[in-house]
There are 2 protein chains.
Amino acid sequence: MIHYPNGKPYKPSEPPKTKTTSKKKDFSFSNRGKTLEEEINETNTYYLNQQIAIIHKKPVPVQIVKVEYPSRSAAVIREAYFRTPSTTDFNGVWNGYYIDFEAKETESKTSFPLKNVHQHQVNHMKEVTNQKGIAFTVVKFTTLDRYFIVPFTVLHEAWLEMENGGRKSIPLSVFESKTIEIKPGYNPRIDYITAIKNMITNDN
Amino acid sequence: MIHYPNGKPYKPSEPPKTKTTSKKKDFSFSNRGKTLEEEINETNTYYLNQQIAIIHKKPVPVQIVKVEYPSRSAAVIREAYFRTPSTTDFNGVWNGYYIDFEAKETESKTSFPLKNVHQHQVNHMKEVTNQKGIAFTVVKFTTLDRYFIVPFTVLHEAWLEMENGGRKSIPLSVFESKTIEIKPGYNPRIDYITAIKNMITNDN
């Protein structure tokens, strides 16, 4: 049994769930129904092909225990376990800036539950920010079909508030006032680099 | 059977081999016998704990086909295959700089064979360099116990020369004249960040 460093058992529900969900939801005629991860991957492929930014999704970390080598065919992993990631899902470089983010979906129409975010992700984004990297979270309100870029400072503020007994979610109104909304497009699908560019320009 | 985009069958010998080798070579009394990957991981842990830089190794990418969920214990991956990575092994951020590198060992005493480097790694490091990231290769001559930081420009030059029918390896003399040698220490083991810092300072 695999445990988190805090002793809680690790239940790696995410990777298989994402796959099943995406199959169920995938309509062939539009972008509706795609998971946020798929939309981000498409966006990253566009950025890569256009040489706008080099951002990749990190593979799911697994602990490999047993591998078989059948003759004349590819090695097969026969026993492996999901490990707890120590970082966020996406990172890379754009125009000299280190970019690091996590993609999160919620079905809620009113707020983003912070239980979607893990402590190790907050820690990692804080470390990245301290090293002058750009850390953020892309949040998709699936029911509303709205997308937001949440700078780490905004997430961190809500996180600390929760730790001090405050609310366990970020209301939509905070998204509307303190984060950057992205209107999804055709290509790039979720143009987060343009959003980041504007954010940096406005800061200076 | 998994194939590279060029049609060659993919033989994922690296991940299991590394593990076996490291076990065989691991002496308890010193750093000798550790694989370069282990030495870099130790260095990265030191950087992380000291908040000097946030650099992580990317997980080995696998295509998960079958997962079992035994009741009351962790999910077990029962069928999975190694995928070809599209990037290098290590990346992260230091002081606002995007850092991206690969770690390579050779037993040769006279030169570093370029067959240790893959086309996708060269492509990725070129893309990173174009985006103003810092890309390099850490090369360890295991028999000589010498370590070098090879800036991408030096590797790229040798790579292009090879493609034009030139030599298929980089001689030790080129390492001594065009790259940065690192003397291994106790902690950090392979202080590549200090080497990079000096490289940047000398460039300006």
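Me: Among contacts in chain A between residues at least 6 apart in sequence, what share joins residues at least 24 apart?

Reply: Remember that this is a predicted model. In chain A, take the contacts between residues at least 6 apart in sequence: 61% of them join residues at least 24 apart.

Me: How many helices and strands does chain A have?

Reply: Chain A has 6 helices and 10 strands. Of its 204 residues, 47% count as buried.

Me: Which residues is A:Thr137 in contact with, leaving aside its neighbours within four places in sequence?

Reply: A:Glu102, A:Lys104, A:Met125, A:Phe148, A:Ile149, A:Val150 and A:Leu155.

Me: Now a helix. How do I read the length of helix 2 of chain B?

Reply: Compare its reach with the span expected at 1.5 Å a residue. Helix 2 of chain B covers residues 36-49, which is 14 residues. From first C-alpha to last it reaches 20 Å, close to the 20 Å expected.

Me: Which residues of helix 2 of chain B are buried?

Reply: B:Leu36, B:Glu39, B:Ile40, B:Thr43, B:Asn44 and B:Tyr47. Look down the axis of helix 2 of chain B: the buried residues fall within an arc of 135°, so they line one face of the helix.

Me: What follows helix 2 of chain B?

Reply: B:Gln51 follows it, with a positive phi near 55°.

Me: What is B:Leu36 in contact with, beyond neighbours within four places in sequence?

Reply: B:Ala103, B:Lys104, B:Glu105, B:Val138, B:Lys140 and B:Tyr147. Check B:Glu105 on your screen. It is 69 residues from B:Leu36 along the chain, yet their C-alpha atoms are separated by 6.9 Å.

Me: How far apart are the closest N and O atoms of A:Glu42 and A:Lys34?

Reply: They are 2.4 Å apart, and the two residues form a salt bridge. A:Glu42 is partly exposed, with a relative accessible area of 30%. A:Lys34 also counts as partly exposed, at 21%.

Me: Which parts of chain A does the pair A:Arg146 and A:Glu181 tie together?

Reply: Start with the bridge itself: their side chains meet at 2.8 Å, N to O. A:Arg146 lies in strand 8 (residues 146-151) of chain A and A:Glu181 in strand 10 (residues 180-182), so the pair ties together parts 35 residues apart in sequence. A:Arg146 counts as partly exposed at 22% relative accessibility. A:Glu181 counts as partly exposed at 30%. Both residues belong to a network of salt bridges that links A:Arg146, A:Glu176, A:Glu181 and A:Lys183.

Me: And in chain B, what does B:Arg189 meet in a salt bridge?

Reply: B:Glu39, at 2.8 Å from N to O. B:Arg189 lies in the loop between strand 10 (180-182) and helix 6 (192-203) of chain B, and B:Glu39 in helix 2 of chain B, so the pair ties together parts 150 residues apart in sequence. B:Arg189 and B:Glu39 are both buried.

Me: How much area do chain A and chain B bury between them?

Reply: About 3,800 Å², 60% of it on carbon and sulfur atoms. In this interface, 47 residues of chain A are in contact with 47 residues of chain B.

Me: How many salt bridges does the rule find across the interface of chain A and chain B?

Reply: The rule finds 0 there.

Notes
Residues numbered from 1 in each chain as written. Chains lettered and ligands numbered in written order. Predicted model: local features only at pLDDT ≥ 70, side-chain atom pairs only at ≥ 80, totals over all residues. Heavy atoms only, no water. Contact = heavy atoms within 4.5 Å. Helix = DSSP H or I, 4+ residues; strand = E, 2+ residues; numbered from the N terminus. Expected span 1.5 Å × (residues − 1). Buried < 20%, exposed > 50% of the residue type's maximum accessible area, 1.4 Å probe, protein only. Arc of directions from axis to C-beta. Buried area = accessible area lost by both parts, 1.4 Å probe. Salt bridge = Lys/Arg side-chain N within 4 Å of Asp/Glu carboxyl O.
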